[in-house]
Structures are given as structure tokens and as C-alpha cells.
Amino acid sequence: MKKKIVQTTLATTLAVAMLTACAGGNNGGAGTGGNAGATQPGAVETGNGGEQEIVELDLFVNMSWWPLKDWSGKVPEEITKRTGIKLNIQVAADDKQLPLLIASGDLPDLVYTATDLTRMAHKDVSYSLNELIAEYAPDFEISQERIGVNTMPDGNFYTIRNAFSTEQEWKDNPKALPGANSMSYRQDIMEELGNPELNTLDDLMSILGQVKAKYPDMVPLVWDKEQIGQHLRIHYGLKKSKGFVDIDGAAQYYLKDKNYLDYYLYMNRLYREGYMLAENFTFKDGQQDDQYVLNGQAFAHGSGNADTTNAQLEELGKPFRMTQVAKLLSDKAAIPMGGSGWAGLYITKNNKNPEAALKLLQFMYSEEGQQLGLYGLEGEDWTWNEAEKYPVMNYDFNNTDVQTQMGVVWWGLLASSGVNEALQRFVPDSQMTKWGLAAREALVFNPALGLVSTEPDTEEQTIEAQIENMVKTEEVRIYLAASEEEARAQYTALLEKAESLGLSKLEEWATAKYKEYQKNF
């Protein structure tokens, strides 16, 4: 995928299309007043001295935590300048709002969501993109892989979910770093232990034991409450919490992966040896683990980002620093990339200008649009390193205040690819970059399997939800078992309880879907 922005006539084409579509529309004519050089209300400068009328569309963002509450900042303004489209933003109050809007038929022009995808991808709710492209934008080219992962049972696709890239695209972009869960540790204590080797999971277990012996008042390993064990799952090649794995060509529940028992036994040993706390499972919030680290009470930090933590430690005047685990610790390591993307932009049947909405999507899907939305203005906010193929940022793109002021990063997610998002993570010489480069070697792709997902209001979703709720409780029994024998028994009991809740029926359905989706590739 070509990463250098090539100036084309796309912006001009969009300007003409929007001007034509909006003639006599709700905003009225732009006209020219006594001051010929000024931009008129309802119009925007095109960048070549002309003006185009603005099309205003209403966008519902179905994520209550979404940080950008309006269409402001230089990046949204530039998107409007290049497309002639301005968005009026409504951020969801909670996860119940969108289902109510769908049921009532009161949807706005556009919906961006990572949930209720099946409900949105219905011919009575949203326009199919294949229908709109055929009518309004036959030059809008979408890869067959992306069409495949977004095609619904009715044969249509209603969105292009972001965060998806093909295996070849990842190979073509060696600086694209996956968002792999990380681990960090106290460098000073590691040196006091004589810098023991850390190349395997056995090495990690040994080091934690040395820490406990030499520093009995210190917690050897503390986890982010919401990510307990996740870094270790990578080293065992496992999925977390949901989904299916391919076992002899069938879609089987993720807990049946042959490596899951070994992972559970490793975690159980960490607990039995006193290397992690039982209280970790009941931390009051996602910051309690950070406090253990910042206060010097923990040696290793599951999900720890050494770059971020060290900046905090410096600000606090602490005399120690963290180092990232920057290598894979097992030949079983794998990061399943079977996903079909994250969230999608839907053009609803209530849309007052579907042609304009499609043109916006086409722009945001283009390399120009993705890079503008994700990175900012080229030459001002970032430059392209042609030799190594990654964007060099001229600002702290992780700073939420900067993101809000500029309106950057988040609007790029409306239609961005996985690799364009991942390229932002490459920061030369940073510790997280070293870990990301190592994690790249563990990527495993199976997009057809990632498409296997239960649908709302179905028996399969009910079964899956019941199993998920059961696992949340029973999994802790494995972690906190008093012996390895008991941990093994608890794992067997967990699978038996899953069977009693209908697991075999769920897997039968999943396998049929898996084989069906494989035809898309």
C-alpha cells in the first residue's frame, strides 16, 4: 500500500459533486456579497480561491467515552475544506441509546459504531455500500478482502470497518506495530539481581522468585485489572475472552486451544508461589496497578508501558525506571489477527444526502483522508520518512489535550486501515517500539474465522453470553487454585459447565458459519 500522499483531483472532484448535490438544498445558496474575498455562511474555501457550499450531516458516535464531542479543530476543518462536508456530532449517552434509535426509526444521517453491527447492516436500516457505489461513485475501489470481511448474509456490505488490514499489507509495512499487550519491570532491581537472562517464560518465573526472596515486601508482578494475564496469553498464542479457534478445520471455542491449560497452570503457579496477588482480581479501578508501580511497590507490571511510566516517574522524582520486555518468550507465541475490523460508519436510510455521505466515506477511506484524519496536516504535523516508510510526528499524538485541540487521530478511525493506525505507534528508539517489532513476528491471520460472531437476539448469542459470564467466575477459580491438580480439575470443570450451557450447539453453528465465510476469501 503506498504511503506517500499523492496529490490527485479527488478534493476537486468532491467539491464539484458536493456543490451540485447541494444546489437548492437546506443550507441555501452561498452567493457572493459585497466582500468578494470572504467565505460566505454555509460555504467553505476550496483552497484554490473558489468556494463550495457545505453539506451538513448528523453523525451519531455510539461510544460514550469518545473524546471528541464536536467537529472542531484544524483537522476536521481541513476535511470539510477538502470534501465540502461538515458533521454535527452526537456522542452516545450509554450503550442502550443506539438500539432504541434503531427500534424507533429515529436514526441520524450517519452512525459510527463497534456494536449492534448486525442491526445496522440491514436493508431497512442502512444503505448498502455496493448499492450506493454503483449509483454515485463507480470509481470508489475497495479491496476484495475488505468486501469479504464486511459482506452480510444477504450478499451486501453496509460499511468498511476500520482497523483491518490484510496479511500482505502488514508485510508491506514493516514499521506498522500491532497493539500487543506489554510488560515492564524495574531496571534497578534487575541489575541488583545481576541482570539474569530473560529469554523464556521459565526465566520470567525464576526472576520473579528471586525478587520475592530478596524483596519480600514487594509484589513481584501486578496486573492491570482489565488485562490480567493478557501479556502471557501472547506468549502462549491465545485469544482472550471471546471467539473461536480453528481445530482441524472446525471453529471451536477459544478455551479449547491446546495451549490454554498450560497458560492457566502458569498463572496458577504465579499465584501459588506468591508472585501475584489474589487482590489483583478485585482492584477498585484501572489505576490501582499503576500506583503499585509508581510507588515502588511492584517489580513487574502486566500491561506496563515503560515509556509512559518513566515519564511519570521522572515527574514524581522517583529514583528508578522501568524497562520493557521486548522479546517473545516462547516458541508458542502468536497474536491472532483473525478480526474483521473494529467499528464501521453506516449511512442510514434517514440520510438526507446519501451521495454526499458516500463521498465523505470515499475520502476518509483514501490514503489522503486516512493520513489527514489519523496524523494531521502533512508537512505541518508530520512528514513521511520515505526511506523507512513511516510518518514522523511533529507533536505528541498520544496527548489527549492535543488530540482534542487539533481534532486529530479519532476522526481518522472512521475508515482507516489497520496498518495506517499501527504506523503511528512506530517511534524510533522507544521501548514500546522494540516490543512492537518483536510482536510483529507473532502475527497470525485468519479473517474468515474473525467473521464468526453471534448476532443479536439469537439463541447462539444467548449461549455465548451465558458461557462468557460463567467463565468470568470460574476462570478465577483456576488462577487461585491451591494446587496444580486442583487447577487442572477446575479447567476441566469449566469446559464441562460450558457444555452444559450449549457449547456443542454453539460450535456447530460457528463451524457452519466459518466454512461459509471461507468462500469470501
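Me: How many residues of domain 1 and domain 2 are in contact?
Reply: In this predicted model, five residues of domain 1 are in contact with eight of domain 2. The domain assignment puts 55–165 + 341–442 in domain 1 and 183–304 + 454–518 in domain 2.

Me: What makes up the area buried between domain 1 and domain 2?
Reply: About 580 Å² is buried there, and carbon and sulfur atoms give 64% of that. On the domain 1 side, T118, R119 and W435 supply 63% of the area buried against domain 2, more than any other three residues.

Me: Why is the pair R119 and D457 called a salt bridge?
Reply: The closest N and O atoms of R119 and D457 are 2.9 Å apart. The cut-off is 4 Å between a side-chain nitrogen of Lys or Arg and a carboxyl oxygen of Asp or Glu, so an Arg–Asp pair at that distance qualifies. The count between domain 1 and domain 2 is one salt bridge. By class, the domain 1 side touching domain 2 has two nonpolar, two polar and one charged residues.

Me: Over to S330: why does S330 count as buried?
Reply: Its relative accessibility is 19%, and buried means under 20%, so S330 falls on the buried side of the cut-off. You'll find S330 in the loop between β11 (322–324) and β12 (335–336).

Me: What makes the side chain of S330 and the backbone oxygen of H235 a polar contact?
Reply: A polar atom of the S330 side chain lies 3.1 Å from that oxygen, and the cut-off is 3.5 Å.

Terms used
Residues numbered from 1 in each chain as written. Predicted model: local features only at pLDDT ≥ 70, side-chain atom pairs only at ≥ 80, totals over all residues. Heavy atoms only, no water. Domains from an automatic or database assignment. Contact = heavy atoms within 4.5 Å. Buried area = accessible area lost by both parts, 1.4 Å probe. Nonpolar A, V, L, I, M, F, W, Y, C, P; charged D, E, K, R; others polar. Helix = DSSP H or I, 4+ residues; strand = E, 2+ residues; numbered from the N terminus. Buried < 20%, exposed > 50% of the residue type's maximum accessible area, 1.4 Å probe, protein only. Polar contact = N/O pair within 3.5 Å; in protein donor to acceptor, adjacent residues only side chain to side chain.
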